[in-house]
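Dear colleague,

Please find the structure below, handed over for your files.

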Amino acid sequence: MPQTEQQLRDDIVDVGRRMSEKGWIAASDGNITIRVGEDRILATPAGVCKGTLAPEDLIVCSLAGERLEGTRPPTTELEMHLTIYRTRPDIHAVVHAHPPTATGFAVAGRPLNLGLLPEVILCLGAVPLAEYGLPGTPALAEGMRPYIPKFDAMLLANHGAVAYGENVFKAFFRMDTVEHFARITLAAELLGGARPLARVEIQKLFDARGRYGLNASRNHYEPGWPLAAEDVPDNAEKIEITREQLVAIIDEALKVRGVY
Ligand SMILES: [Zn+2]
């Protein structure tokens, strides 16, 4: 049964509260929109904490960005949302936030593009990094443009992340997957480095996406998205030694050179 606009307003309030509770947004960060009609977008207003929104705080605007209903100014990052809606008719909700670990990767200039976890490959494939663009200007959407047709979430360089889907909870859960994946990748790096799956295993997961009806338009695996084990060969042979063994090796080398 299609939801009423009032129910969709409640959904935005709910997702805003969840984003705030998860620590993905500070102060008045982040924004959420839902496509409620052919030329009708329900959007969060600018300068308001998204954790304590009321349904009547939301505004309605057109796909061209004109405010149709509501008294508050629309989110300053509205153009980012509208660019996604104009490019992807299948998308009905967009969520933007600054989740700390995913944003850490975005600030470090690193996409989440390793094929590490079956669930992430099934859900997102990979999470690219869009080039930096000044927030609140068309430059922000410009950097995202190349990735919108093929990906359902991306990092925004020196800024945050955006995720989108058929409804606002799909978009929210994709953002949740991005942040969780970022945390796991970081943990793996602290433990010596993440090891991607082999290309053949990633291909099997992409084939499964087709069977499950997930993102049917983008089930073709393009090598490199995500990177497989073959794409990141571990050339440097690593060995482990204790401090005592290291001192003994240095001592021996100095003795041989006649330093002692
Ligand atoms: Zn932002």
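Which are the buried residues of H7? They are Ile202, Leu205, Phe206, Ala208 and Arg209, where buried means under 20% relative accessible area, exposed over 50% and partly exposed in between (1.4 Å probe, protein chains only). These residues lie on the same side of H7, because they cover an arc of only 155° around the axis, the arc being that of the directions from the helix axis to the C-beta atoms. On the other side of H7, Val200 and Arg211 are exposed.

As to provenance, this is a predicted model, in which local features need pLDDT of at least 70 and side-chain atom pairs count only at pLDDT 80 or more, while totals for chains, interfaces and linings use all residues. Residues are numbered from 1 along each chain as its sequence is written, and side-chain values use heavy atoms, with hydrogens and water left out.

Helix H7 comprises residues 199-212; helices (H or I, at least four residues) and strands (E, at least two) are DSSP runs, numbered from the N terminus. Its 14 residues reach 20 Å from the first C-alpha to the last, close to the 20 Å expected at 1.5 Å a residue (1.5 Å times one less than the number of residues). Glycine 213, with a positive phi near 70°, follows H7.

The zinc ion is coordinated by Glu77 (OE), His96 (NE2), His98 (NE2) and His159 (NE2), at 2.1 to 2.7 Å. Donors are N, O and S atoms within 2.8 Å of the metal (3.2 Å for Na, K and Ca); water is not among the atoms, so sites may look incomplete. The spacing of the donor residues in sequence is E-x18-H-x1-H-x60-H. Glutamate 77, in the loop between strand E4 (67-69) and helix H2 (78-87), and histidine 96, in strand E5 (residues 93-97), are 19 residues apart and link distant parts of the chain. Both glutamate 77 and histidine 96 are buried.

Alanine 182 is found in helix H6 (residues 168-190) and is buried, with a relative accessible area of 0%. Alanine 182 touches Thr101, Ala102, Phe105 and Leu112, not counting residues up to four places away in sequence; contact means heavy atoms within 4.5 Å. Between alanine 182 and proline 100 the C-alpha to C-alpha distance is 9.2 Å, with 82 residues separating them in sequence.

Yours sincerely
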